[in-house]
Amino acid sequence: MTKAQASELIQAAMRARGVTFAQIAAAMERPAAWTAAAIFGQHPFTEDDVAKLYTLLPNLEPDLRDTLTAIPSRGALDAPVPTDPTIYRLYEVLLVYGPALKALIHEEFGDGIMSAINFKLDVQRVPDPGGDRVEITLNGKFLPYQWG
């Protein structure tokens, strides 16, 4: 079974039981963003995570364990340019602001990158009189380039 197939089965079980990503994250004692990404196949679950997932979603097929604990091929999209509107807008943010973010990181930290391996992500709703806003926090460790 592929990670994508496992993800579809988990999401179907979530809908059937009325369980949210936040509820699964709380049961696993994991961040919601990490948990959602893991369900979408971007992180491997631990055996403990899988046990907690089966407790919340007992209607899941029992043969998902190996797929869920396997190390994934991360970052793969179905198309070079995403077509889902929400994902495309995040892609657009990086197209518009990516060079500025890179320059600001280099200005503040020097020559290096923000790690997506040692990384934290959070999504919050921020009330606003003009309509609620989405606040996304990307928090990655700075890794300087090392030559030689």
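Colleague: What percentage of the contacts in the protein with a separation of 6 or more comes from residues 24 or more positions apart?

Modeller: A contact means heavy atoms within 4.5 Å. Among contacts in this protein with a separation of 6 or more, 54% are accounted for by residues 24 or more positions apart. This is a predicted model, in which local features need pLDDT of at least 70 and side-chain atom pairs count only at pLDDT 80 or more, while totals for chains, interfaces and linings use all residues. Residues are numbered from 1 along each chain as its sequence is written, and side-chain values use heavy atoms, with hydrogens and water left out.

Colleague: Which elements does the protein have, and in what order do they run?

Modeller: Helices (H or I, at least four residues) and strands (E, at least two) are DSSP runs, numbered from the N terminus. Here there are six helices and two strands, in the order α-α-α-α-α-α-β-β from the N terminus on. The C-alpha trace spans about 50 × 50 × 30 Å along its principal axes.

Colleague: How much of the protein counts as buried?

Modeller: A residue is buried under 20% relative accessible area, exposed over 50% and partly exposed in between, with a 1.4 Å probe and protein chains only. By that criterion, 22% of the 148 residues are buried. The accessible surface, from the Shrake-Rupley method with a 1.4 Å probe and, for residues, only the protein chains shown as cover, comes to about 10500 Å². Carbon and sulfur atoms hold 58% of that surface.

Colleague: How is the packing of two helices read, and at what angle do α2 and α3 pack?

Modeller: Axes are lines fitted to C-alpha atoms, for helices over the stretch in contact, and angles run from 0 to 180 degrees between N-to-C directions. Helix α2 (residues 21–28) packs on helix α3 (residues 32–39) at about 105°, and their axes are 8 Å apart. The two helices are therefore roughly perpendicular; that class covers 65 to 115 degrees, with under 35 roughly parallel, over 145 roughly antiparallel and the rest oblique. On the α2 side the contact is made by Phe21, Ile24, Ala25 and Met28, and on the α3 side by Ala32, Thr35, Ala36 and Ile39. Seven of these residues are nonpolar, one is polar and none is charged. In this classification Ala, Val, Leu, Ile, Met, Phe, Trp, Tyr, Cys and Pro count as nonpolar, Asp, Glu, Lys and Arg as charged, and the others, Gly among them, as polar. An α-helix has 3.6 residues a turn, so residues three or four places apart point the same way.

Colleague: Is α3 mostly covered or mostly open?

Modeller: It is mostly covered, with six of its eight residues buried: Ala33, Trp34, Thr35, Ala36, Ala38 and Ile39. These buried residues pack against α1 (3–17), α2, α4 and β1. After α3 comes Gly41, with a positive phi near 90°.

Colleague: Which residue has a positive phi although it is not a glycine?

Modeller: That residue is Glu29, with a phi of about 60°. Glu29 belongs to the loop between α2 and α3 and is exposed, because its relative accessibility is 70%.

Colleague: Which backbone nitrogen does the side chain of Asp49 reach?

Modeller: A polar contact is a pair of N or O atoms within 3.5 Å; within protein, one must be able to donate a hydrogen and the other to accept it, and residues adjacent in sequence count only if both atoms are side-chain atoms. The side chain of Asp49 reaches the backbone nitrogen of Thr46 at 2.9 Å. Asp49 lies in helix α4 (residues 47–56) and is buried, at 2% relative accessible area. Beyond its neighbours within four places in sequence, Asp49 contacts Met28, Arg30 and Trp34.

Colleague: Where does Ser115 lie, and is Ser115 buried or exposed?

Modeller: Ser115 is part of strand β1 (residues 112–126) and is buried, because its relative accessibility is 4%. A polar atom of its side chain is 2.9 Å from the backbone nitrogen of Ile117, and the side chain also reaches the backbone nitrogen of Asn118 at 2.8 Å. Residues up to four places away in sequence aside, Ser115 touches Gly140, Lys141 and Leu143.
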